[in-house]
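Dear colleague,

I am passing on a structure that you have not worked with before, and I would be grateful if you could look through it alongside the notes below.

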Amino acid sequence: MAEFEPKIIAFVCNWCTYAGADLTGTSRIKYATNVRMIRLPCTGRIDFMLLLKAFAQGADGVIVSGCHPGDCHYTAGNYHARRRWILFRSLLDFVGFDTRRVHFAWVSAAEGAKWAQVVNSVVNEVRELGPFEDYQKLARVGVE
Amino acid sequence: MSRIGVFICHCGENIAATVDPVKVAETMSRVPGVVHAVDYKYMCSDPGQNLIIEAIKEKGLTGVVVAACSPRMHEPTFRKVCAESGLNPFLCEMANIREHCSWVHEKSDITTDKAIDLVRVIVEKVKRNAPLYDIKVPVTKTALVIGGGIAGIQASLDIANAGHKVILVERDPSIGGHMIQLSETFPTLDCSQCIMTPRMVEVAQHPNITLYTYSEVEELDGFIGNFKVKIRKKARSVDENLCTGCGVCMQKCPRKKIPSEYEAGMGMRTAIYIPFAQAVPNKPVIDKDNCLYYLKGKCKICEKNCPAEAIRFDQEDEIIEADVGAIVCATGFDVLGTDSFPEYGYGKYKDVITGLQFERLASASGPTLGEIRRPSDGKEPETIVFIACAGSRDPAKGIEYCSKICCMYTAKHAMLYKHKIHHGKAYVCYMDIRAGGKMYEEFVRRAIEEDGVNYIRGRVSRVYEQDGKLIVKGVDTLLGSQPVEIEADMVVLATAAVANTGAEDLAKKLRVSYDAYNFLAEAHPKLRPVETNTAGIFLAGACQAPKDIPEAVAQASGAASKVSALFSGDELSREPVIAVVNRCPPPVFSTCEGCFICEQACPYQAIEREEIKTRDGKLIKVVAKVNEGICQGCGTCVAVCRAKAIDLQGFSNEQVYAEVMAL
Amino acid sequence: MDALRKKARELLESGDSEVIIGYGEGSGNRARAIFVQKPEETERLILDDRCEQNLAVYLLKREVKSLGKPAIVARLPVLRTILQLAAENQLSDGDVAVIGISPDGELVDLPDFKAIEEYVDSLPLELSPEEQEQLEKIKNMSIEDRWRFWTDEFSRCLKCYACRASCPFCYCSTCVVERNIPQWIPVAPHGQGNLEWHVVRAMHLAGRCVNCGDCARACPVDIPLNLLTQKLDEEVFSNFGLKAGTTSELNYALSTFKPDDQENFIR
Amino acid sequence: MAEKKLLKKESLGQLFEKLKSDGRRILAPRKKENQIAFEEVSSPEEIAKEYIQTTTSAKFTVFPPCEELLRYRFEDKEVQIEDRKLDPPPTVIFGLRPCDAAGFSVLDAVFSWDYQDAFFQSRLEKTSVIGMSCNEADEYCFCTSVGGGPGNTKGSDILLTRLGSGDYLAEIITDKGEEIVSLAPDLFGPAPSDQKDEFLAEVPVRFEHKELTTKLGAFFDNDLWVEQSLRCVGCGACAFVCPVCVCFDIQDEADKNGGTRLRCWDSCGFSLFTLHTSGHNPREVQSQRWRQRVMHKFSYLPDRFEIVGCVGCGRCARSCPADMNLVEHLKEIVETK
């Protein structure tokens, strides 16, 4: 059977990472097809529940990416986001959720190459972990 | 039920080479809610745009999805097309199948499948898009300029000359700031006062400028276009309308030994005083802390002698309220005093002075009428040492930044000294020479080569007095760090430029952010250097960071043009991508519980408080309210709202959720 | 206990308070919340180790509010709850008279938020050794064991929301789980619905929970929910140096930041 | 009159074997930390020894907390519906208390009234109950006040009563019971002489439920509801541990391809219970929801089905985070002048 291809959902900010990914395109840098990007104004807007929904929806891995500290288009959104992720990650880990499936990055509008590299490495790491059935299976547990 | 039209662009071969647009269109046509799905070679071309226009009309589309390049590229184009066809532009979105798909993947079914996913995501979003309308905010076309230094003056004049009203507020009795204290200015060595005073007069006489000196901003309310400011006009104890500025009061005042602020302590003034001859306005103030009447309850000599009977000991502070649409903050900087340098004698050596003090000594209008004389005994210094980076670039002093102007003015000082005392010896102890700027490097070289100033690279460890001389101990790092010892008659410290006193309080009043050194923070270090985070408040000059005159002036003009642009219309129009707090039927009214965590999280202070009341005015609950004029639409509030009571138009919870569920 | 009754009586007689929210004898040798409105009924008030429920939950309850100005019997968790609720704009100074109770059961006079802040400041806020031990036990499990442990615990969850109802910080009139456009959290009590519910709830309490333990006590199927909030409280303190319920001014971990917050996990 | 037999304690194991080989799963009270719940067991040793009541009832066997009703798929722009096939596993509930057993008939009354609920009925039909009389009770028990009793046979197919010897007096009540006996006739000996009542717990009658029902007729607007429910925090614990609460809520869980329709337990304790789309809620405050709970069980159900919506198991009080004690409050109502 064919090698498992992970499904990766990325939540990115409009001003840095989305633009960075545009640059990846204009620079014609090739990367893995596994990622599906969802554009938001700012990492500050990214509700942690979205990540849960991504996994519920069958994602094997998630990427959250935005502007580097100090570069936020809205000056502080990414700082707020960073605190949110610090707590959310530790909580996920505490309930036994493998945080190697949740990746955070700062990718600026100038870092087209970094975006490709982030996607590729995440895809490879998650491919190693295999499909995230644990989470999807839960939706049936307790349903008679 | 939505009626979505999907338009797949080939972008010539850019997309079609790796993605199969026909398959994408065909798949989309089977998605519930999609009533029209076509592909075309160039959607952005006129015929392409016509496809959209026709479909909107014929199929009565409720939403348009253009799958092509990045929305950052063509979203405005296609939204305009929709608007022209009578469809609200915010019902149109783009799926990025070029930069995020066809250009980054090889030709394959997988690539096409990804394109399909990307389009479906946007289709599901657009199904939940709501028509949005630009936000109009009325604008009061009066600007408040805080600070009457060169930056504030420049900004005021530019705005006023653009035909708008300006209120200029200056804390001191006269405008002019630090620039009016300077003797000559680098790199041209033209006299500061000669170029400054005409500007000051122009301000005073300009019909569009209302000048409040000896005044401070007390309180600020409101938001861009609609600020309300309270200005405290401190009592001068002099009736400005009657006073002719004759100066008799000053001659008669018994208190004559008060260190003059204008002279940076190098000269003295009286208790009732006009800071300097060319002051604007040329009217005295009584310094209550030093006036005998205010201290002891008797004297009033000035009152007796004033021919205009303008003295008013009972005058009180006045609070002036004004509506302004924009604010330029030009509160400038200050310099460290010599007393913050233990290694250079804590300021107890009279002949160790700051650069600013040297300016006064060198100035024709200064206490020595421009002759360089030691404060201690009035002798001409035979040997003078200038120490650069006094405090600057020195973590030990808590100042890690470069004060930027010192290299240049130190070179200027050394030059002025040599021009006045030809036989004298001038040394400059420096760390690095930073002479970036038009004619700057040349200027420094002139000091060294033509005027024979000795530049010694190395830090000065100590300055101490020894039989009438100031011993300057340091090293010359260019000569293998060999110790250097100079017997000087006078030492000038290029002390660090620091944030002005009260900068922090002002920042809090204006609700603008400031950095670790209390310099006011720009909205973006590169792209929005004259704006602050608070819409409608701009920065000019050294209140943002140390700057020389041309930079301060340039930034002032920049800020002024931002203000003029803001004032160009009667209303300012903003993208409606902003947060909104929900409303729902009684008894809940809004799921907002008024915890105001969003208020703390908002980077723009855009969250206000709103009372929900019954018809008979009984308070039901206090909820958050987003100020449309201020909100920038980052959505941080949305993520911190537990009750999901606040949502972001254009990126609503429902939309983003649907996007995820489409994958 | 007599001091408590005396104080309560005074408050009612003086009219300073119209209802005392306190503890009384319940069933099965349990203590229960009682609402004393008549001075002579203050004799019903009790105070002992069984009095654990976080009474602050009633301060925001509509029917209780309608009884008039309240006084509340407040041990440390209740005191911290009051401060946190104040920080979140749910209580104002003077809304409630506080009958402070020290850890050893003595009455403490706490006239205003300021006094409560100072008093709370003087008490240790760490977890008890037992709590810490239990927390460490989970932390030391392998990640697989933790997953098994929690999915098994959550599998008992009936979504009765006793955890939410007994928590004074779950004061939303419409809880996120009840928002159905979109339906963020599955309403159904299946594995995913339960996990997401408890994860989201814990996140919503991060930096706000004062560790009163009522969520766990209330749970009819004994899910140790307080472990989740305890873990987050630990993170909030170690990362940001903040503790909930220590000040009446809002200083919430997730609406503030430091430019140098850790980011070793970010690429 | 039910047939009486003796079931020796050592024969239980064999009985379980027989039941399993007949393809039935056996659910019995199992202890885990301080929780006792009905779970599948394979031998009597796994069954909790001393207990008065399980925390949650056995209601879930016939009315699961979360039950799939149907699935649907989006095909092109059509919706394809896929009905649920019903074949619940044959189940024996062992050690069910008489109160819980009686609860099944209340559920049946509701689910098999005007609309025949196939989901419930198919499960009930496949379920047999081997009840266990109560040797002891606690202050929360009040079965005798609602027409039941510690040895009540209602709802059990076989009722066991543990005798001094540790052996069991088995009363074979229904055909389903006979069926079980017929799987292993030799395990059931001739009835002993012991008087069943001697081994039953004392459960004093706390109030007259008929009197209560009459009283409630005119009690709707009484202030007592507010007084009693002041400490109620408004959770659903009481309803979710109750063996007879039947309220449910329909939920669809869907994504782009289709979805599942689920039936989930609901509780009158929740603020969203009976909230209208308009925002109006006929039961806006907790006291009204508490009133609904009591009225439903002790007034509406009796009026409609001549059945009390409560079997006196006392679980709601044991589980209540705020110590809302049903029997105490019911007494209070009866005694109100």
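The notes that follow cover one interface and then some backbone features.

This is a predicted model, in which local features need pLDDT of at least 70 and side-chain atom pairs count only at pLDDT 80 or more, while totals for chains, interfaces and linings use all residues. Residues are numbered from 1 along each chain as its sequence is written, and chains are lettered from A and ligands numbered from 1 in the order in which they are written.

Between chains B and A, 34 residues of chain B are in contact with 32 residues of chain A (contact means that C-beta atoms, placed from the backbone, lie within 7 Å). On the chain B side, the elements giving two or more residues are α5 (98-102), α6 (109-127), α18 (636-640) and α19 (653-661), and α6(B) gives the most, with 6 residues. Helices here are DSSP runs of H or I with at least four residues, and strands are runs of E with at least two, numbered from the N terminus.

Most residues other than glycine have a negative phi, and most peptide bonds are trans. In chain B, however, the bond joining F186(B) and P187(B) is cis, with omega about -5°, and P187(B) sits in the loop between β8 (184-185) and β9 (190-191). The bond from P586(B) to P587(B) is also cis, with omega near 0°, and P587(B) belongs to the loop between β31 (579-581) and α17 (597-601).

In chain C, K159(C) has a positive phi near 60° and lies in the loop between α6 (143-155) and α7 (162-165).

Best regards

Conventions
Two residues are in contact if their C-beta atoms, placed from the backbone, lie within 7 Å.
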